[in-house]
Amino acid sequence: MDMTDKPTAVELARRSVETFVSKDIKGWVALADENIVTEFPFAPEGAPRRLEGRDALYEYIKNYPSVIDIRSMPTWKAYATDDPDTAIVEWSVSGEVLPNGNSYEMKYATFVTFRDGLMTNYREYWDPMTFLKNMGEARF
């Protein structure tokens, strides 16, 4: 396989975000390397800020679609970086927190590094105050 056949980090990031938004959590986690490091630096108190491994990521995120119903992705913009294996994605979602009926409007900045087509590092920034307000007592 020559370099032209290899998807770019931006293309891989698009597939990752689209898979997640489609509520295919098993499919999304399958795009991760088994030793992926996932970081949520702005996670609120009590929520994990760092997860190690595909299994830990799945355990954390598996119930997300039963709590947050993402109905659209109003914005999506990806940027290539100096590192051909890393992309930065600015995206937003619109939906509903199912247990309480609150709207769920969130903007994300995600930095994703890939190796052999799989995510090896996934670092996501979002507004914890908006998250807590929308979620109320709901958790996934």
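Two rings of Phe, Tyr or Trp, the last taken by its six-membered ring, count as a pair when their centres lie within 6.5 Å. By this rule the structure, which is a predicted model, holds 13 aromatic pairs.

Start by selecting Phe42 and Tyr125, whose ring centres are 5.1 Å apart with the planes at 70°, so that this pair is edge-to-face. The two residues come from distant parts of the chain, 83 residues apart, with Phe42 in the loop between β1 (32-39) and β2 (50-52) and Tyr125 in strand β6 (residues 118-125). Phe42 is partly exposed, at a relative accessible area of 44%, and Tyr125 is partly exposed as well, at 24%.

From Phe131, colour helix α5 (residues 128-135), where Pro128, Phe131, Asn134 and Met135 are buried. Viewed down the axis of α5, these buried residues fall within an arc of 130°, so they line one face of the helix, while Met129 and Lys133 are exposed on the other side. The buried residues pack against α4 (64-67), β3 (68-80), β4 (86-97) and β5 (103-115). At the start of α5, look for a side-chain oxygen of Asp127 within 2.9 Å of the backbone nitrogen of Met129.

Finish with Arg14, which lies over the face of Trp76 at 3.9 Å from the ring centre, and with Arg123, whose charged end sits over the ring of Phe111, 4.9 Å from its centre.

Conventions. Residues numbered from 1 in each chain as written. Predicted model: local features only at pLDDT ≥ 70, side-chain atom pairs only at ≥ 80, totals over all residues. Heavy atoms only, no water. Buried < 20%, exposed > 50% of the residue type's maximum accessible area, 1.4 Å probe, protein only. Helix = DSSP H or I, 4+ residues; strand = E, 2+ residues; numbered from the N terminus. Arc of directions from axis to C-beta. Contact = heavy atoms within 4.5 Å. Polar contact = N/O pair within 3.5 Å; in protein donor to acceptor, adjacent residues only side chain to side chain. Phe/Tyr/Trp six-rings, centres within 6.5 Å; stacked < 30°, edge-to-face > 60°. Lys NZ or Arg CZ within 6 Å of the ring centre and 35° of its normal.
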